[in-house]
Amino acid sequence: MAASTFRVTCVLLCAAAWLLGTGRSAPDASGPPRAIRVPLRQGARASPPPPPRAAAPAAAPRRRRGAAARAVSFVDMVDNLRGKSGQGYYVEMAVGSPPQKLNILVDTGSSNFAVGAAAHPFLRRYYRRSLSSSYRDQGRSVYVPYTQGRWEGELGTDLVSVPHGPNASLRANIAAITQSDRFFINGSNWEGILGLAYADIARPDETLEPFFDSLVRQTPVPNLFSLQLCGAGFTQNYSLGSATVGGSMIIGGVDPSLYVGELWYTPIRREWYYEVIIVRIEVNGQDLKMDCKEYNYDKSIVDSGTTNLRLPRKVFQAAVKAIEAASSTEQFPSGFWLGEQLVCWQAGTTPWHIFPVISLYLMSENHNQSFRISILPQQYLRPVEDVASAQEDCYKFAVSQSSTGTVMGAVIMEGFYVVFDREKKRIGFAVSTCHVHDEFRTASVEGPFHGVDLEDCGYNIPQTDESTLMTIAYIMAGICALFMLPLCLMVCQWRFARCLHPHGDFADDISLLK
């Protein structure tokens with residue numbers, strides 16, 4: 001009995017030692033070789049922009065980062081995004097066994113994880129399923145259209161990890177793109193897309209689990225991520241090749257070194273896209289004075305995969321009119337405001353001061369309050385480098401008209417550190433440490449501003465009950481019968497005439513054909 005007790009004790013002690021030795025730790029430095037990275041905020045940190053006016057209601061959310069955020073090191077995730085202006089931001093991912101490294105576009109406006117799986121003129125490399133021992137075919141096809149472009153492919157699962165992300169590997173749904181049209185961009189340097197939105201908009205249907213849902217379910221990673229898109233604030237380094245913009249995707253937490261001031265949160269109205277509610281829009285402090293429902297018709301979303309700030313038609317027309325009036329000291333061709341023409345100035349002489357600040361007011365977690373994010377012209381005038389020479393700076397107007405609601409794209413996000421707190425169903429905004437500004441103005445996040453029933457500004461798709469649909473169906477049937485009756489009478493009359501005059505068939509047929 002004593003010997004038996006001794007053996008049990010030894011087994012328990014060995015098991016405990018093994019558990020302690022294999023506990024989850026920070027990412028292993030002996031992992032995949034990492035490229036040398038230059039901090040994006042080099043120069044910006046020396047004289048950061050003054051923090052926006054702090055407010056008590058926002059202090060509480062900042063304190064709620066919790067133990068989960070403190071327990072994870074985000075050092076390897078800082079500066080893990082690259083890209084080109086107007087062509088999206090991508091992160092390096094490893095797919096399959098052995099790992100195949102691919103650059104994947106970060107898109108908060110879709111929900112499918114898809115990679116090029118066939119040769120394409122615009123792809124330097126693509127995913128080879130036959131070389132992955134861990135790939136499993138699902139025997140289903142998928143088709144995904146976008147505002148511009150589309151792709152189709154075959155569904156499967158494989159092992160996926162993010163080298164400059166959390167120290168975790170997971171089995172994720174993956175679409176192998178076999179055909180595409182206007183989807184891949186020449187010179188963009190990315191080979192796939194990482195949809196980070198919810199299952200409701202996944203293709204072919206909502207039963208396909210999106211990547212981030214799989215990550216949270218299979219690993220200890222908390223259910224949130226945050227993005228710092230640096231845009232023109234990215235410090236160019238020739239060792240990075242053709243990358244002209246950069247930033248950080250922090251998976252599983254919030255990194256306080258990437259923003260200044262406080263984080264202000266707006267609720268996620270519905271978990272499909274990252275839908276929010278805009279309650280007011282100003283240009284140079286002047287309210288557009290529109291019904292707030294117009295701003296959210298038929299939705300307002302935060303979408304890193306879209307370049308521009310896209311506005312519903314009526315809102316776009318009002319905003320352009322106000323921006324044009326505010327910058328009237330210089331004359332611009334009408335095609336510039338439609339995004340069809342560029343404007344250029346001698347290098348280093350862009351007159352930023354003549355362009356107004358655009359302010360969006362978002363409903364806060366207290367539905368009777370809002371906060372304001374202010375967007376500088378350095379954000380909504382997008383530099384176009386392929387056209388500009390060393391002596392000129394050329395820009396495209398990055399505010400455009402939309403038929404699918406307001407889209408707060410990359411040019412908006414580039415001024416801010418944006419937290420997608422899926423756990424608490426909210427999106428946070430703070431001033432980014434790498435945003436571009438001048439000596440006169442800086443991007444800001446300020447509040448609170450008081451209102452009443454701001455939730456009513458959200459657009460609701462009209463619901464039609466069955467009785468209404470039946471009534472409409474009967475009315476349509478009646479209208480059809482009304483139009484069919486004369487036709488039936490004409491046919492009957494014609495048949496009767498044929499019976500009376502059998503020799504007139506030829507002439508009657510020709511008349512009928514005419």
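L102 is buried in this predicted model. Its relative accessible area is 2%.

The surroundings of L102 were examined next. Neighbours within four places in sequence were set aside. L102 is then in contact with V91, E92, M93, V95, V115, R125, Y126, Y127 and E191. R125 is one of these partners. In sequence, L102 and R125 are 23 residues apart. In space, their C-alpha atoms lie 7.5 Å apart.

At the level of the whole chain, the fold contains 11 helices and 25 strands. The protein chain has 514 residues, and 47% of them count as buried.

The accessible surface of the protein chain comes to about 25700 Å². Carbon and sulfur atoms account for 57% of that surface. A nonpolar patch is present on the surface. I472, I475, M476, I479, L482 and F483 form this patch. Together, these residues have about 640 Å² of accessible area. One of them, I475, lies in helix α10. This helix covers residues 466-500.

Terms used: Residues numbered from 1 in each chain as written. Predicted model: local features only at pLDDT ≥ 70, side-chain atom pairs only at ≥ 80, totals over all residues. Heavy atoms only, no water. Helix = DSSP H or I, 4+ residues; strand = E, 2+ residues; numbered from the N terminus. Buried < 20%, exposed > 50% of the residue type's maximum accessible area, 1.4 Å probe, protein only. Areas by Shrake-Rupley, 256 points an atom, 1.4 Å probe, with all protein chains shown as cover. Patch = residues over 30% accessible without salt bridge, like charges linked within 9 Å, V, L, I, M, F, W, Y side chains within 5 Å. Salt bridge = Lys/Arg side-chain N within 4 Å of Asp/Glu carboxyl O. Contact = heavy atoms within 4.5 Å.
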